[in-house]
Structures are given as C-alpha cells and as structure tokens.
Amino acid sequence: MPEISSSRTGRYDAVVVGAGFGGMYMLHRLREQGLSVRVFEAGSGVGGTWFWNRYPGARCDVESVDYQFSFSEELLREWTWTERYPAQAELLAYLNHVADRFDLRRDIQLNTRVTGATFDEDTQFWQVETDGGDRISATYVVMATGCLSVPRTPSFTGLQDFAGATYHTSSWPHEGVDFTGKRVAVIGTGSSGIQSIPLIAEQAEQLTVFQRTPNHSVPAGNHALDADEQREGVERFAEKRRYATGTFTGLTLPDTGLLANESTPEQRDAVYEERWRQGGLAMYGAFADMLVDEKANATAHEFFSAKIHEKVADPEVAEKLTPRGYPFGGKRICVDTNYFETFNRDNVTLVDLHAEPIERITPGGIVAGGREHAVDAVVFATGFDAMTGALLAMDIRGRDGRALQETWAAGPRTYLGLAVAGFPNMFLVTGPGSPSVFSNMIVSIEQHVDWITDAIERLRADGVRLMEADPKAEDAWVAHVNEVADSTLLPRANSWYVGANVTGKPRIFMPYLGGVGPYRQRCDEVAAQNYDGFQLVG
Ligand code: NAP
C-alpha cells in the first residue's frame, strides 16, 4: 500500500489536477487499477466548466445524448436527460450524480488550487504544491485542467472606477443576477455572449451589445425530449458512440461527404438549409471542402449572410451582425436560441466596435466612438486564455528544473497532446496538439483518460518507472499538427484557437485537426508499438 499521511503532505501514486469531466473520470479509472489518487480542484464543487459557467442561457452545444460518459451502462440507464441540449444546471447535476454514484468525493480536495509541480530527478517523484499549503509527492501527475478555464477580462481604461456591477460569464454568481430595471452592457459576442444576450435582453430595461467580431451562429432547435426520444437515446447510445469515435469531430451527425465546389447553387442551398434545420453543430458536416477551400468557404458565408438579413429587421444592424473578413469555421461557430432576433427588440442596441472602438469606461458607462453609453452593469463575455492558460498558470518544472513556461515560450509543444518531452510521467487530458476543443469533448476526454490509464497499467506491470515523450517524436508531432492546420483555412482567423485573443500569446493553431477517428487510431498504434515515441525508463 502506498504511504499516505494526510491531505497536507504524503505520497500518492497519482495526483490529478481538476475535477471536471476529465479529472473525475481519471480518478475513477486510476482507482479501479488500485492506485492511490488525490484530486485537487480550485472550485468549491465538482464539475469544472459546468461548475463555473452559470450565466443566463449557459447550455452545451453538443446534444445531451452525445455529451455524457460511456463507461458505465448503469449510469447511462439511470440518468434521464430532459432537453436536446443540456443546460448548465442539468450538466452540473449529472456530474454531481457521477461524483456520488462512483464515490469520487473522498479523493477530491475542493477549494484547492495547484500552484506548482516539480519533477524531482533524485527521487523520480513529482512534488505538487497547492495554495492551501499541501505538499504531495506522486509518481504520476495528470493535468485535467480544462481547455477553457482561465477567463480573460480586457483591461479597459477606467474599469476600476466603474460604479456599477461587473460580471464575467465564466464566473457567474451562484445565486444568479436580477437585471430587472437595469441598463446592461454585454461585451463580447462569442458562444457565451450569444447564449446570454437573448435572456439578458428579456430581463433588462436596456441592453447594449458591444461587438468586436460578428460570429456565425446556428439556431439550436432545442426542445424538451419526450419519452420516446429519451428511450432511444439510451437504446441507441452504444451504437452512436461507436460511430462517433471514428468521425472527424466525435459527433454523431454524419458528414454529407459532398463538395460545395462541385454542387450547384440549388444543391448547396438545400444542404445548408437541411443542416440549418437540423440545428447546431451539424453545419460543420455540410461540405467536405468548406474548411479547406476559399471558394467553398465563401458559399457558407453567403448562406449565413442571407439568414441574418432574413432574421434582423434593420438591414444596417443585420449587416453589422454579418461575419466578414475571416473564414467560416475559423472561429468556433455558435449555437443559439433567438440570438439574431434579439436585435429586433426596442430595448437592444448594437455597438460595432470596429466603427466605434471602446475608449474607456467611466463610473457610469462605456465610451465608444466618442459616445457614452450609460449602464448600470457590465457583463464580460470576453472568453478565455484557451488551452495553455491553466497549464501555464502553474509553475510546472520538469527535468533540470526547466519550467513549462520556458519550454512553451514559443507556443505549446506536445507529443499527441498527451505528454511533453522533459516532463516524465506527466500526462495532459485533451492537451494542445489533440483534437480537444475541435471535437466532442466527452469523446476526447474518455479516449485520453483510457489511454493514460492503459499506459500507467502497462508501466506498472512491466516495472517501468518513467514514461517520457521523445523530443524527436514531439518535434514530428508538432510539425504534423501545424501542417494539418495549415492545410485548412482555420488558422487565418484571429481566434482563440490560435491564441489571438490574448496579447503576446504565440500564434499557434492549438487543436489537432486530423480528426477524432484517425487521431484515436494513431494513439492506439503508438500504444500497440510499445509506446512508440516515448522513452520508457525502467
Ligand atoms: P470567445 O469565443 O473567445 O468570445 C469572446 C468575445 O469577446 C469575442 O466576441 C471577442 O471578440 C470579444 N472580446 C474579447 N476581448 C475583447 C475586447 N478587448 N473588446 C471587445 N470585445 C472583446 O469566448 P466565449 O464566448 O466564452 O466562448 C469560448 C468558447 O467556449 C467557445 O468558442 C466554445 O468552445 C466554448 N463555449 C461553448 C458553449 C456551448 O457549449 N454552447 C458556450 C460557451 C462557450 P473577438 O472575436 O474580436 O476577439
């Protein structure tokens, strides 16, 4: 038995950072293998993304039937999803149920942020430190820190003097916010802004939306699931999940396999219309050349432009809401309920920041383009330091005391998005260089957790002490990730995929675009070839 003294110090087989979908499943799998595991979670509850993001309208853009764990038949059968797209509260309830159902809480330490992790070359253990004074040593460290977990609030001049209330969508008050009778500003029109704007507009006296870049958004077509749909969701789950693991995105809606460039305008419209009617992320699968060819991509733009002009009564407002100047799909497409229609309301004003940039915030409002907009509250829907933010916020040191911050100074480098050369026995769940945010996160999380668990099991069975990415294999993988990304139009947009939303962040396309199916196959081959590309030290 491993030696465990208390939660403050002691030695564990594994430390897992984060108790969202990834961290909880990692804990479950490692415990099944008989490992002693300590999970540290900064929040006061489990759930990760779904614990923090409680803004009005927060809802997953992947359907509930696809956005759930597959590892337990009992769990699948005992949980009932009530809507096509799960709302934040339902997802959080599900994750709390998982924590109870698998007795996870006893190994999760809440309200504790990991501040650093250092690999000790003499003992070959990781030393993990937290803001609560814990000092734990562990053979393995698994970073399940989430891809979108470090919020960003721009530093507008005068923000500290604003007299009203400020909120960030990703750290919304648990008791909710009542905007009745208030003049509210929302800054940001990504997924979080687009989901929250319609609901804030319904409640607030006046809503002013500050938009820097318009986004492509598809109606969700959300609805309550009836008993037949719920039953089918369970009965067909295994078959659908098997299918999803081999697709490009890990979603279950088949790609049409058609090319926009080889279709007539009528055929194209029919396909786009059908995907629009299906709702949500189905749009990604409309045409195979849409994300790689400018001409094909332009057809998606045309379709969206027409839809927005249909929905928005004022043509000038519609034009401002129409995405231009970057490829469709270059920014993550959004899934909404009544977003564009909201701009037809009398109490909603759109400010186009390209024409009227924000100059400063005053005690009573926001000055943009020389005009002051008086507001009582500001909602920042301004996104995250994506994919690397949470990892680089910790002082992680590998061999020779080398910091991850230094190793990744020019951008993240990983082997398969799972490991980093020079950081033995450290694993990343959905790290940069893996499909991660460009996939159904649950499919990708389960694949990574299962792969890591199998690897650890093998190491232990074979008496191998350390597993570490080979620098050459890492170089080759990084080159491959970049090559695949550069064969698409996606890196051309100033998106969080490339870190463009964080000043000074190196511009690297971070998710792997080779597809969930081929990526899984590659990871399986690596494992089957005795962890090809890893150095195993006995
Ligand atoms: P986001 O997509 O990064 O959007 C942030 C918004 O804030 C953008 O419109 C951005 O404009 C704007 N912004 C940032 N800095 C600004 C500044 N200084 N001045 C004015 N505007 C500024 O963040 P998010 O909406 O939180 O979404 C992030 C990701 O989380 C999504 O892409 C998605 O993957 C995930 N998410 C999913 C769901 C869902 O499942 N439905 C919901 C929410 C989030 P620019 O575009 O010009 O930078």
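Helix α5, which spans residues 191-203, gives the most to the shell around the ligand, with three residues. Keep in mind that this is a predicted model. The whole shell has 25 residues, and Arg 59, Ser 192, Arg 212, Thr 213 and Lys 331 are the ones that come nearest.

| Residue | Atom in the residue | Atom in the ligand | Distance |
|---|---|---|---|
| Gly 190 | backbone N or O | oxygen | 3.4 Å |
| Ser 192 | polar side-chain atom | oxygen | 2.6 Å |
| Gln 195 | polar side-chain atom | nitrogen | 2.9 Å |

How much of the ligand does the protein cover? On its own, the ligand has 910 Å² of accessible area, and the protein covers 89% of that.

Now let's look at the strands. Strand β1 (residues 9-17), helix α1 (residues 21-32) and strand β2 make a right-handed β-α-β unit. β1 and β2 pair in the parallel sense over four bridges, and Val 15 stands opposite Arg 38 in β2. β2 also pairs in the parallel sense with strand β3 (residues 108-109), this time over two bridges. Here Val 39 stands opposite Ile 108 in β3.

Which way do the side chains of β2 point? In this strand (residues 37-40), Val 37 and Val 39 point one way, while Arg 38 and Phe 40 point the other way. Are these four buried or exposed? All of them are buried, Arg 38 included.

Notes: Residues are numbered from 1 along each chain as its sequence is written. This is a predicted model: local features need pLDDT of at least 70, side-chain atom pairs count only at pLDDT 80 or more; totals for chains, interfaces and linings use all residues. Side-chain values use heavy atoms; hydrogens and water are left out. Buried means under 20% relative accessible area, exposed over 50%, partly exposed in between (1.4 Å probe, protein chains only). Two strands pair if DSSP finds at least two bridges between them. A crossover is right-handed if, with the strands pointing away from the viewer, the path from the first strand over the helix to the second runs clockwise. A residue is near a molecule or strand if one of its heavy atoms lies within 4 Å of it. A polar contact is a pair of N or O atoms within 3.5 Å; within protein, one must be able to donate a hydrogen and the other to accept it, and residues adjacent in sequence count only if both atoms are side-chain atoms. Accessible areas come from the Shrake-Rupley method with a 1.4 Å probe; for residues, only the protein chains shown count as cover.
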